[in-house]
Amino acid sequence: MKMAIENHAVIGDLRTTALVALNGSIDFMCWPRFDSPSIFASLLEESAGVFELSPVLDGGRHTQFYVPDTNILLTRTLSHSGVSEISDFMTLAPDYPEQRLVRRVKAVRGAIRFRIRCAPRFDYARITHEAYALVDNIVMFQPAGSAHPALRLCSSIPLKVVDGEAVAEFTLNINETATFTLDSVPNTDNICLEERWTADAFKATAIYWRDWVARSTYHGRWHDQITRSTLALKLLTSSEFGSMIAAATFGLPEDPGGVRNWDYRYCWIRDASFMVYAFMKTGHTEEATAFIRWLHDRRMEAQPGEARLRVLYGIDGRKITTETELLHFSGYRDSRPVRIGNAAEDQLQLDIIGEVMDAIYHADRHCERLSWEAWRSVADGMDWLCTNWNMPDESIWEVRGGRRHFLFSRVMCWVALDRAIRLSEERALPGRTAVWVRERNAIYQDIQENFWNEQLQSYVQYRKGDTIDASCLLMPLMGFIGDQDPRWQSTLKAVGEHLLDDSHVYRYHVRIGDNEDGLTGLEGTFTMCSFWYIECLARSGDLLMARFLFEKMLSYANHVGLFSEEIGPAGEHLGNFPQAFTHLALIRAGQYLDLALSREDKRN
């Protein structure tokens, strides 16, 4: 059985990422971009590619940690017969423009025998390849056809080619090292094999990450955990385009053995808009500005009268391919089907307009002012929304059981018009603000009249419904309702009674046999919602409980401080990994709680 989701760390170069297991195996990586086909996917299918590098030690114990304030990973195996250490990183510095994965292994104590096996499988293991040695320490992997880039493996020790794979066994004495680099450089330049090159690349990449962390403006409580979350979010951004992906993986299940398995390697407008806020709150305005520019480019591409964004895009802004199933993949712990692409692209999710407008509003105030062309696009979008906000949609959870009039979409439509009105007034920008105000007020009235359940004494998931949905936790966070409003206090209490499980929050209850969301099976608690609940508790004044639950939630991070999408009943991580939504919610909750606790300390 492969390593569990939580037994992984992630490395990357702002173009792609790789998951490195505690045993030193890279068992998930797409190349050369986040949303490119996988070359290593043994986490989902044993025969779908892997890059193994491991010591031969009897009874070894694995540990893994990041070099502080970087995304450089160290993986150790400790045994009475020896200690080994693997350094994993992707080059990321102006002097190292080539995209390159670097793996350096060292014998820390004792003479240690190692095994290496580099076995890529191109295009989700759907096409064949040829492997051949240029010299005894350079192996080329050439996929069939020309649609996928070839790979070059360079090694400081001799390699053999066996059945299309590069393999070797070798022994290192104490303090000796061996280096392996994987790239798509077509020439036979051996510079990456020189020990000085490896050391310099390591140093330059560490400096890049530390310089980036040093730009953070946050220095409060839980600094290390919030810094790790910002580093995780940074790994999910594209330096080439400015877009941001929802998670690094596809196919990791919300319900092991079930069908709730999705591809998150794309730019969801909703997720990325929330990431903009997280970056701005930690002082990383360059990332926020780059995404807002990318976002306006997408708006400019909209056809006349369309006036709305698609739900998700490829990282370069393209329309992604149709959702398809990899029938030859057995899935993580038999979770099938394994899907690539995402059919949510064709859904109507009106809430994304609100997330976008909130991000644009804050970016205009703190990063870069809107251009005239961008504002015209925004105003056109608001005019479209004024005539379309009352439509049913699939909303934030991307249900596949049909469209409804969802509370969350209503609230975010209110947010969209509210932020556009504020922008127009604060910047004296022209627009049909009288119409926007009228429709904003109509939305507010609709929510209070049709989404409040008098019997439950709470707001409900959809119009005239009787179920509670944790997305309502964003109502006070987005400024729709006051923290002390009686209706909100009653709703928060209802969330605690119906959706809270210790410190964990379900996004909604999946009813066995009901399948209102169009899917079978169950799911874990939604970690993002847990952090939203904590912030709402803090805003309501219960700081002691909010802090207690926040610190309990932090204990569910994996060994390197990362979270997936959900937490299972045994504390296992479920869903794609690492998950941007979880980490940005952690940042927001932690920062608000720190500020509230500091205010409380001053009063006392």
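This is a predicted model: local features need pLDDT of at least 70, side-chain atom pairs count only at pLDDT 80 or more; totals for chains, interfaces and linings use all residues.
1. Pro-392 is in contact (heavy atoms within 4.5 Å) with Leu-348, Arg-403, Arg-404 and His-405, leaving aside its neighbours within four places in sequence. The residue sits in the loop between helix 7 and helix 8; helices (H or I, at least four residues) and strands (E, at least two) are DSSP runs, numbered from the N terminus. Pro-392 and Arg-403 are 11 residues apart in sequence, and their C-alpha atoms are 5.3 Å apart in space. Pro-392 has 31% relative accessibility and counts as partly exposed; buried means under 20% relative accessible area, exposed over 50%, and partly exposed in between (1.4 Å probe, protein chains only).

2. Residues are numbered from 1 along each chain as its sequence is written, and side-chain values use heavy atoms, with hydrogens and water left out.

3. Helix 4 (residues 269-281) packs on helix 6 (residues 351-366) at an angle of about 25 degrees, with the axes 8 Å apart. Axes are lines fitted to C-alpha atoms, for helices over the stretch in contact, and angles run from 0 to 180 degrees between N-to-C directions. The two helices are therefore roughly parallel to each other; angles under 35 degrees count as roughly parallel, over 145 as roughly antiparallel, 65 to 115 as roughly perpendicular and the rest as oblique. Helix 4 passes helix 6 in a left-handed crossing, a term used if the near helix is turned anticlockwise from the far one by less than a right angle. Residues making the contact include Phe-274 and Tyr-277 of helix 4 and Val-356 and Ala-359 of helix 6. By class, the contact residues are 9 nonpolar, 3 polar and 3 charged; Ala, Val, Leu, Ile, Met, Phe, Trp, Tyr, Cys and Pro count as nonpolar, Asp, Glu, Lys and Arg as charged, and the others, Gly among them, as polar.

4. Helix 5 (residues 285-301) and helix 7 (residues 372-388) cross at roughly 60 degrees, and their axes come within 10 Å. This pair is therefore oblique, and its crossing is left-handed. Helix 5 contributes His-296, Arg-299 and Met-300 to the contact, and helix 7 contributes residues including Glu-373 and Asp-380. The contact residues divide into 3 nonpolar, 3 polar and 3 charged.

5. The largest nonpolar core has 185 residues, and among the members that touch the most others are Phe-51, Phe-180 and Leu-182. Such a core is a set of buried Ala, Val, Leu, Ile, Met, Phe, Trp, Tyr and Cys residues joined through side-chain atoms within 4.5 Å. Beyond four places in sequence, the contacts of Phe-51 include Phe-40, Leu-101, Phe-180 and Leu-182.

6. His-583, in helix 14 (residues 580-603), is buried, with a relative accessible area of 1%. Not counting residues up to four places away in sequence, His-583 touches Ser-229, Ala-232, Leu-233, Gly-561, Leu-562, Phe-563 and Pro-578.

7. Two cis peptide bonds deserve a look. The bond from Trp-31 to Pro-32 is cis, with omega near 5 degrees, as is the bond from Arg-336 to Pro-337, with omega near 5 degrees. Asp-334 has a positive phi, near 65 degrees, and lies in the loop between strand 19 and strand 20.
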